[in-house]
Amino acid sequence: MIEIDRLQCRYPDGTVAIKDLDITVPEGEFLLICGPNGSGKTTLIRHINGLLQPFAGSIRVAGIDVADAEEEVRKLVGMVFQDADSQIIGETVWDDVAFGPQNLGLSELEIQGRVDWALNSVALQNLADKPCHLLSGGEKRRLAIAGVLAMQPRVLIFDEPFANLDYSGVRQTLQQIITFHQKGHTVIVTTHDVEKVIAHVSRVVVLYDGELRADGPPALVVKNLSRYQIRPPCYSLLGSEPISWLTA
Ligand SMILES: Nc1ncnc2c1ncn2[C@@H]1O[C@H](COP(=O)(O)OP(=O)(O)OP(=O)(O)O)[C@@H](O)[C@H]1O
Ligand SMILES: [Mg+2]
């Protein structure tokens, strides 16, 4: 589904944020990209949906080169940003979720259907008429997810989805992410806080200083996380089995 080939990112100020990275993500995978602050996680996923263009190397999504077809790729890859506020553009909750489908040029009926479905998916249907700036942090995160869902992308990328969420917010967001994966979406989550999602992912990639340092099934990769300044999940420190955050 996603083929990243010798990707390099050099920002205009000379910062080299990604160094020669190769990753292939098959359709339907649930991938965790972890790494400490500044390791290049956000930079990498911004390349996957065409918000940033490679300095060198290439990225293909569903066989399409991102450099040739940013608009097309953005329909395939939905991204929920680290900072939900930066993603909210509508005045009310309903307007905000409708914005994307309206830009696709869909009929009013189709737009209505997609917005209602997306708001129901994140349990925000009762707040449809509320001004976005009055929402709580957790509600804003759910709104950002609804906005992406309404576009019906095949790949969903969540950048630090649990930041600033309380226990129940983490569980709701995690449940939604798992459901998207179960429905067949390819799902990518980035975080330095692996504890919250590790029990559910099929693969873990470790970024460190812009380089890929580990790539494999969770059971193998978690053992070495502390080498890369990432806190290993409690279960691995205790030598026990993975524990889901959905387990009460
Ligand atoms: N627009 C930019 N211009 C210059 N340097 C940048 C820019 N954006 C990010 N960087 C640098 O690139 C590196 C990787 O940043 P990035 O935001 O991808 O890290 P991250 O792994 O997402 O970190 P965090 O966990 O803090 O979100 C950092 O050294 C950062 O300072
Ligand atoms: Mg980041």
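Which helix gives the largest share of the shell around ligand 1? In this predicted model, that share comes from helix H1, residues 41–48, which supplies three residues. The shell around ligand 1 holds 14 residues, of which Tyr11, Ala17, Asn37, Thr42 and Thr43 come nearest to the ligand. By residue class, ten members of the shell are polar, two are charged and two are nonpolar.

The protein as a whole contains eight helices and ten strands. Its radius of gyration is 18 Å, close to the 18 Å that the globule rule gives for 248 residues, so the protein is as compact as a globular protein of that length. Taken along the principal axes, the box filled by the C-alpha atoms is roughly 50 × 45 × 35 Å. Contacts across the chain were also counted.

Buried residues make up 42% of the 248 in the protein. The largest nonpolar core comprises 73 residues, and within this core Leu32, Val61, Val97, Ala146 and Ile157 have the most contacts. Helix H5, residues 137–149, gives the most to this core, contributing six residues. Val61, one of the residues with the most contacts inside the core, illustrates the packing. When residues up to four places away in sequence are not counted, Val61 touches Met1 and Ile2, together with Ile48, Val66, Val73, Leu76, Val77 and Val155.

Methods
Residues are numbered from 1 along each chain as its sequence is written. Chains are lettered from A and ligands numbered from 1 in the order in which they are written. This is a predicted model: local features need pLDDT of at least 70, side-chain atom pairs count only at pLDDT 80 or more; totals for chains, interfaces and linings use all residues. A residue is near a molecule or strand if its C-beta atom, placed from the backbone, lies within 6 Å of it. Helices (H or I, at least four residues) and strands (E, at least two) are DSSP runs, numbered from the N terminus. Ala, Val, Leu, Ile, Met, Phe, Trp, Tyr, Cys and Pro count as nonpolar, Asp, Glu, Lys and Arg as charged, and the others, Gly among them, as polar. A nonpolar core is a set of buried Ala, Val, Leu, Ile, Met, Phe, Trp, Tyr and Cys residues joined through C-beta atoms within 7 Å. A residue is buried if 20 or more other C-beta atoms lie within 10 Å of its own, exposed if 12 or fewer, and partly exposed in between; C-beta atoms are placed from the backbone. Two residues are in contact if their C-beta atoms, placed from the backbone, lie within 7 Å. The radius of gyration is taken over C-alpha atoms; the globule rule is 2.2 Å times the number of residues to the power 0.38.
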